[in-house]
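Student: I am new to this structure. Please show it to me, and then let us go through it in short steps.

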Amino acid sequence: MPWEVFQTLIPDSLPDYTRTIDSQTLYGSKPGRKFSTNGFFSTLKVDGRWWVIDPEGYPGIQRGVSAVSPGSSERNKFSFQKQFETKQRWATETFTKLTSLGFYGTGSWSDVEAVKQFNQSSKVPFSYTIILNWMSKYGKQRGGTYQLPGNIGYPNQCIFVFDPGFKEFCEKEAQKLTATSNDRNLVGYFSDNELPFSLNNLEGYLNLTNPEDPGRLFAEQWIKTQNISREKITNEHRLAFVGIVAERYYRIVSEALRKNDSNHMYLGSRLHGSAKNLETVLKVAGTYCDIVSINYYGDWTPRENWMTNWGEWAGKPFMITEFYTKGMDVGLANTTGAGYTVRTQLDRAYAYQHFCLHLLNSPHCVGWHWFKYQDNDPEAKDVDPSNIDSNKGIVNNTYEWHQPLVDKMGEFNNQVYSLINYLNKR
């Protein structure tokens with residue numbers, strides 16, 4: 001298949017813009033004007049733009065990396081021992097390097113304990129997030145879930161949100177949050193990853209094989225209240241019903257979270273695919289979440305109308321919590337995963353700058369998490385089918401940083417506030 005050429009906009013190509021290095025706080029925020037804070041991360045809309053307010057009261061744009069954790073393959077383990085010997089040394093070198101690149105936090109599936117220990121030993125704040133996986137954990141305990149490439153599958157792709165046991169499960173799990181409820185370096189919680197909110201949900205619940213399934217019973221009663229038969233279901237009904245599914249999910253989760261940890265933000269469930277563009281889903285996510293998280297693949301350039309919709313439908317800011325490109329110059333086949341494939345690490349670097357520059361152009365966007373820290377290792381066992389052989393990382397399988405990708409990432413990350421000022425004027 002021949003390569004395609006995509007228009008790519010980077011800071012160096014902007015008219016009348018001069019590359020700079022921003023002054024930033026220890027949390028990577030914008031120094032100067034401060035806002036009231038309770039000592040933890042929060043959000044605030046200022047003059048039409050959303051910001052994440054750090055624990056010291058400064059406004060910022062979140063820039064992080066997901067899955068910052070040592071790899072599990074034999075090659076990963078051998079290289080880790082040879083280069084670092086201890087987890088503490090790995091954490092010190094890794095988080096210090098990430099900070100120099102303008103990444104001030106970790107995304108989902110990262111080594112939370114390593115971050116916390118680094119913060120304690122260095123006295124330099126490095127922020128982090130936690131993914132709870134409450135629905136998928138409940139489903140594994142209940143039975144019926146299975147692994148799909150990139151996420152967890154459910155019967156007919158219908159989550160168990162109508163089970164009485166799900167609420168009880170969340171309330172019990174939330175009691176464990178006391179361990180992090182007073183940590184000012186924790187940005188917030190993701191409750192799950194890529195749940196299958198879909199226009200297919202209504203028929204999916206109706207067609208569950210167990211006639212006593214709570215979801216099937218709810219769907220059957222719901223179409224009765226609408227005075228329709230299965231043959232008369234329209235997209236309007238489907239859109240309304242998926243909104244009900246999402247509302248119940250976000251309400252149950254947020255109530256459990258707020259009751260046990262009112263200090264930290266609820267960052268949503270990492271919407272993806274068609275779910276991220278369903279108005280009813282975005283509206284209820286905005287009702288219960290502090291930030292709506294979006295995993296964004298399939299577009300070289302973020303769509304302006306989509307970003308506008310996310311912000312206006314939710315009434316809250318959004319954050320991109322997964323995106324990446326894969327280079328063909330490091331010996332990996334790149335047959336798995338959703339990101340674009342490009343020729344070189346420099347092409348990956350330009351793609352990063354292009355994508356994030358368009359994110360900055362949206363006043364609703366408060367940041368992004370690159371997926372992910374380390375490349376897939378084809379020799380690794382028992383891994384997600386979407387993470388088998390691809391150059392997704394910023395380090396390779398022997399912990400070498402990909403150049404010039406990380407140089408250009410750092411170059412961009414360390415001038416985000418100057419770029420916002422430029423875009424505002426334009």
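Tutor: Start with a term: buried means under 20% relative accessible area, exposed over 50%, and partly exposed in between, with a 1.4 Å probe and protein chains only. This is a predicted model: local features need pLDDT of at least 70, side-chain atom pairs count only at pLDDT 80 or more, and totals for chains, interfaces and linings use all residues. Residues are numbered from 1 along each chain as its sequence is written, and side-chain values use heavy atoms, with hydrogens and water left out.

Student: Are Tyr-250 and Tyr-266 buried or exposed?

Tutor: Elements first: helices (H or I, at least four residues) and strands (E, at least two) are DSSP runs, numbered from the N terminus. Tyr-250 lies in helix 8 and Tyr-266 in strand 10 (residues 265–266), 16 residues apart. Both Tyr-250 and Tyr-266 are buried.

Student: How many aromatic pairs does a search of the whole structure find?

Tutor: Rings of Phe, Tyr and Trp (its six-membered ring) pair if their centres lie within 6.5 Å; planes under 30 degrees apart count as stacked, over 60 as edge-to-face and the rest as tilted. The search of the whole structure gives a total of 46.

Student: Why is the pair of Phe-162 and Phe-241 called tilted?

Tutor: The ring centres of Phe-162 and Phe-241 are 6.4 Å apart. Their planes meet at 35 degrees, so the pair is tilted.

Student: Where do Phe-162 and Phe-241 sit in the chain?

Tutor: The pair links distant parts of the chain, 79 residues apart. Phe-162 is in the loop between strand 8 (151–153) and helix 5 (164–174), and Phe-241 is in helix 8 (residues 235–260).

Student: In what order do the three strands of the open sheet run?

Tutor: Two strands pair if DSSP finds at least two bridges between them. Five bridges join strand 1 to strand 2, and two join strand 2 (residues 49–53) to strand 3. The pairing is antiparallel, and the order is 1-2-3.

Student: Which strands are the edge strands?

Tutor: An edge strand here pairs on one side only. That gives strand 1 (42–46) and strand 3 (59–60).

Student: Which residue in the hairpin turn has a positive phi?

Tutor: Strand 1 and strand 2 form the hairpin, with two residues between them. Phi is about 50 degrees at Asp-47.

Student: Which ring does the charged end of Arg-49 sit over?

Tutor: A charge sits over a ring if NZ of Lys or CZ of Arg is within 6 Å of the ring centre and within 35 degrees of the ring normal. For Arg-49 the distance to the centre is 5.9 Å. The ring belongs to Trp-51.

Student: Why does Asn-414 count as buried?

Tutor: Asn-414 is in the loop between helix 12 (405–413) and helix 13 (416–425). Asn-414 counts as buried because its relative accessibility is 14%.

Student: Which peptide bond is cis, with omega near 0 degrees?

Tutor: Most residues other than glycine have a negative phi, and most peptide bonds are trans. A cis bond joins Phe-371 and Lys-372, with omega about 15 degrees. The bond with omega near 0 degrees runs from Gln-403 to Pro-404.

Student: What is the relative accessibility of Asn-227?

Tutor: Asn-227 has a positive phi, near 60 degrees. Its place is in the loop between helix 7 (214–225) and helix 8. Asn-227 counts as exposed, at 72%.
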